Amino acid sequence: MEYEKNAKGMVFDIQRFSVHDGPGIRSIVFLKGCPLSCHWCSNPESQRPEKQIMFISHNCIGCGRCTRACPTGALTFNPSFSLDHEKCQRCGRCVDVCFSNALNMSGEIQTVEQVLQELKKDNLHYRRSGGGITLSGGEPLFQPNFARELLKGCKAKGWHTAIETTGFAAASVLESILPWVDLILLDIKHMDGEKHRYYTGQPNQVILNNARIMGSYGTPIIIRVPVIPNVNDSIREIQDIAEFALSIKGVKELHLLPYHRLGENKYQYLGYNYKLKGIEPHNKESIRNLQKAVMEKGLACKIGG
Amino acid sequence: MNLTELLKIPEEKGDNCKMPAEFSQLSNSLPTQRIQKLIDDLYSVTPEIEAERAILLTESYKQTESYPTIIRRAMALDNILSKMTIVIRDNELIVGNLTTKPRASQIFPEFSNKWIVDEFDTLAKRTGDVFLISEDTKQSLREVFKYWDGKTTNELATELMFPETKAAMEAGVFTVGNYYFNGVGHISVDYAKVLAKGFNGIIAEAEEAIAKADKSEPDYIKKHQFLTAVIIAAKAAIKYAKRFAELARKLAAQTSDAQRQTELLQIAQNCEWVPANPARTFYEALQSFWFVQAIIQIESNGHSISPMRFDQYMYPYYKKDISEGRITQEQAQELLDCLWVKFNDVNKVRDEASTKAFGGYPMFQNLIVGGQTVDGVDATNELSFMCLEATAHTKLPQPSISIRVWNKTPDELMLKAAEVTRLGLGMPAYYNDEVIIPSLVHRGLSLADARDYGIIGCVEPQKGGKTEGWHDAAFFNTAKVLEITINNGMANGKQLGPKTGEFTSFTSFEQFMDAYREQMKYFVSLLVNADNCVDIAHGERAPLPFLSSMVDDCIAKGKSLQEGGAHYNFTGPQGVGIANVADSLMAIKKLVFEEKKVTLAELKEALDTNFGSCEAPKSGAKVNLNLNNLTQEALVEAITKLVLEANKASLEDLQKSANIKVDLGSNGDKEYLRQMLENRAPKFGNDIDEVDELAREVALIYCREVEKYTNPRGGRFQPGLYPVSANVPMGAVTGATPDGRKAGEPLADGVSPVSGRDKKGPTAAVNSVAKIDHHIASNGTLFNQKFHPSALAGQTGLENLSALVRGYFDQKGMHVQFNVVSRETLIDAQKNPDKYKNLVVRVAGYSAHFTSLDKSIQDDIIKRTEHSL
Ligand code: SF4
Ligand code: SF4
């Protein structure tokens, strides 16, 4: 199979031994950049398409070398760490001198071939476990050329492929990618267009339309719903999503992903504000009730990925 | 139960083995009430020290001064077994006690005894593994120990050792502590033979050997003595069993409980018949087995007496009973469960320092299921599953249960094993036939014997019933040798090794590697001297006729195990700290020679000052311990002090200044250098070829040196790469290393990556570790993996775990075991973050080191843990 080995993309992580995003043992390639900006996003560094500096304060030994290395004066330590995003040119010099990994650059341009080299390392584990590769993000469809060539490359090696997507993309982009995808993990956050726009920054119309397109391809689809307190956690809201899911061909299951705060410290690292501060995750009980509500509609439902 | 695990998650291996809530969902059946009662009774009292064995042993020794040693040993065993208090505990179906009280410990003064007197008054007060001791017991033991002054194996071994060997031990290069202070153990006898022939059969065999021997041969005299000793010991075992028959009848007559009366009469019938005669039923076979297991551990306190392939040699008895309708599967399971509880009645008192590393009274009775037959056919049977089920039922540390895996192991067995793994006991351990069989063949075993291997103690493969493997011969500190190389052969201000060049004079990485190789060569030769001295001491002072009677070819050769009677003889010392040495070499190679980011002089100064945190030249110099008189465990005591001292100066100050722009001066520079060493050179465990190949090379340097040597029993040395817990005390006596490890910090565990440095998850770690040549480390390698239960949730979790094991084994890894960390562990990790640096939590697309997370988020994860089970 032909694919463009040198196609380039912005990748911010490759996570091996992922067991919650598709069957078996998988590697997830995280592509940077997302058209949505969900308040609860657990990978805030995935949202912007360009490289970003992350500052992990508890790793800092206070040596001051970063400030001296910075050619633009974007970095100061007075009275505490601050990074002037206007001034920063993302040259990475500060990261180079920060041996304690307090400063990290999120995002790296990589070729399809480079990514495949890394993915190949777990080839044996994919085979043993019936696993494969999942493209996630950010939004993988946001870098359509790279995503497509990478998926083709994976198929050329005989791997099972999945994408985890918000579904927010031009239909033509989606259709150029679907032939190389074995499983779609489609996030649906809300059926109410207004609420969707408020919490994610985008309307849901495109997403719902794309869901129908995906269905027409016959590719298996798992609908994934991040369950967020006070956003979409009523029985009715979840059942609305379940009903929509049932109308899509190819949908076999719905997964409820309970809200967690594991991404919160990354907001700090990036100097962002965390909008959901203080919100308590659900207890087991209430998530179980939502699961029941989905199953009542006649759709298989799992908690967690 | 593997020791390393006991170390890492002590709270789960403690005394109170409560059944967790999730158990009932994971297990296929529930244990009977009897089992819970047995467990409750076993754990209802604090273990005690008992003097009975020591007294009876000494009493006999005093009467046999003029006899040959082997006869004296047999007569002493006879005296003990004839006179010791025997008990049948409530609800027991399998009987045979080592001590009067449950989980008590006898004393074995013939190996060493001075430390016991020293700790008389603290045994009951220490924080872990407490033993009560009465004033009477103390008095009796004091009396007994007088007799043993100068007569112990420990004293003879010390006498035999070369001064340079002792100096190397004192500096912490290696320790032979285990057998230096205790019995050897680490063996599996031919249980099948005892079950099939009984001790009467063994007596007949010995008598025949005497009859057949040529009286004019010069070695006839010693042969005759040995065989006579075997007969005395075997008869003593039979007598011991008959005492139980008598006791059972007596108790049966006294009880008013009709059901218990029937049980006791059955017990009486069993003990009357076995182990003297061939077992006729599954129940008799279990009883016969237990007598063997118990008496071996009365004869000597060497631990790791391993039942090995129990599902194989017990199967004919089980199958016959089932097919003849004599027993149901449920009844058989209950008997197995009873035996599993019994395994935990065996105990051993250790000195206080050791208990910090050996928390939870481990005995390492390794029992392995599955694998293949001598003909190379899959060996899995119903008992394989039932053994795993017994572990799930009892949820106790003993027996250490293991599983042999090969290409044809049925997935059902893998999934059953994964279920038990998920219980969080750290068991079963998984072993790879596809590596172990060829590696044993390479060591001279026949193919059939190699296919019949089992595991001793932690991870050591051997053919049971034919081998004196001396598997836990020593721990060798490969990182200390690196430190010595950096110091041109010096340690603690003394020239210990050859002069291989000033560190600052090396002009290429290869030059430095050559120097390291030369130092390794020298110190391994001293290690061999130490082991052989201890070996000879055991042969001269503590040959074991009972144990020898059940291992081939002792009877045929007319020689005890300790004098070379076994068919296969090995000595297996372990290399420790491979990952630290590999990471250090990588840092030197890359940062000094390739990128020239730091000079050798700068590096040396940073190491000498422990990265600026102390002025004293070396941490090793600060340890005021006589390593010559130290078990590998005893060093632990020094750790706390060392680690505290090592870290005191820098960290806190640095953290305080974290958010302020300051230059930290020269100490800050050294910390900065340390950060560079730690974070700017690849680390073993992340599937990076460059450094993984160095790890492979370091392991090979050690292994190839060790395998050159022979032992006094006529066998070869064979290397292992596992630490038990020695990575902690050995780290305590090792100065700062070029991988950024501070003085006193623990070394890496087995072939596992340095704790916390494998950042790319289990598959990357597995791939890295598999790059080491496991075939040559035929005394065993140990690889620990930790998991959060969320990664193993549901059926898919079990499948993924089993796929990971298979994936590791496809790449020729030898052993792996899993710590599945529970909610309780997470809570403990929150309180003691330093102990859990390596704990990675994975949820959806995000993973993090648990200890780096904010407390509130940790709380979240703790909550989520309940979700995932
Ligand atoms: S270089 Fe790194 S460690 Fe040093 S002050 Fe800057 S952020 Fe902190
Ligand atoms: S990336 Fe470059 S410009 Fe930005 S803060 Fe670092 S050194 Fe300065």
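The model is predicted. Chain A contains 11 helices and 13 strands, and its chain is divided into two parts, domain 1 (8-49 + 108-303) and domain 2 (52-106).

**Overall dimensions**
- The radius of gyration of chain A is 20 Å, which agrees with the value near 19 Å that a compact globule of 305 residues would have.
- Taken along the principal axes, the box filled by the C-alpha atoms of chain A is roughly 60 × 50 × 35 Å.

**Packing**
- Of the 305 residues in chain A, 59% are buried, where buried stands for under 20% relative accessible area.
- Among contacts in chain A with a separation of 6 or more, 72% are made by residues 24 or more positions apart.

**Surface and charge**
- Chain A has an accessible surface of about 12,200 Å². Carbon and sulfur atoms account for 48% of that surface.
- Chain A carries 37 positive and 30 negative charges.

**Domains**
- Domain 1 of chain A is made of two segments, 8-49 and 108-303, while domain 2 of chain A covers 52-106.
- The centres of domain 1 and domain 2 of chain A, taken over C-alpha atoms, are separated by 32 Å.
- In the contact between them, domain 1 of chain A supplies 8 residues and domain 2 of chain A supplies 8 residues.

How values were computed
Residues are numbered from 1 along each chain as its sequence is written. Chains are lettered from A and ligands numbered from 1 in the order in which they are written. This is a predicted model: local features need pLDDT of at least 70, side-chain atom pairs count only at pLDDT 80 or more; totals for chains, interfaces and linings use all residues. Side-chain values use heavy atoms; hydrogens and water are left out. Helices (H or I, at least four residues) and strands (E, at least two) are DSSP runs, numbered from the N terminus. The radius of gyration is taken over C-alpha atoms; the globule rule is 2.2 Å times the number of residues to the power 0.38. Buried means under 20% relative accessible area, exposed over 50%, partly exposed in between (1.4 Å probe, protein chains only). Contact means heavy atoms within 4.5 Å. Accessible areas come from the Shrake-Rupley method with a 1.4 Å probe; for residues, only the protein chains shown count as cover. Lys and Arg count as positive and Asp and Glu as negative; His and the chain ends are not counted. The place of a charge is taken as NZ of Lys, CZ of Arg, CG of Asp or CD of Glu. Domain bounds come from an automatic or database domain assignment.
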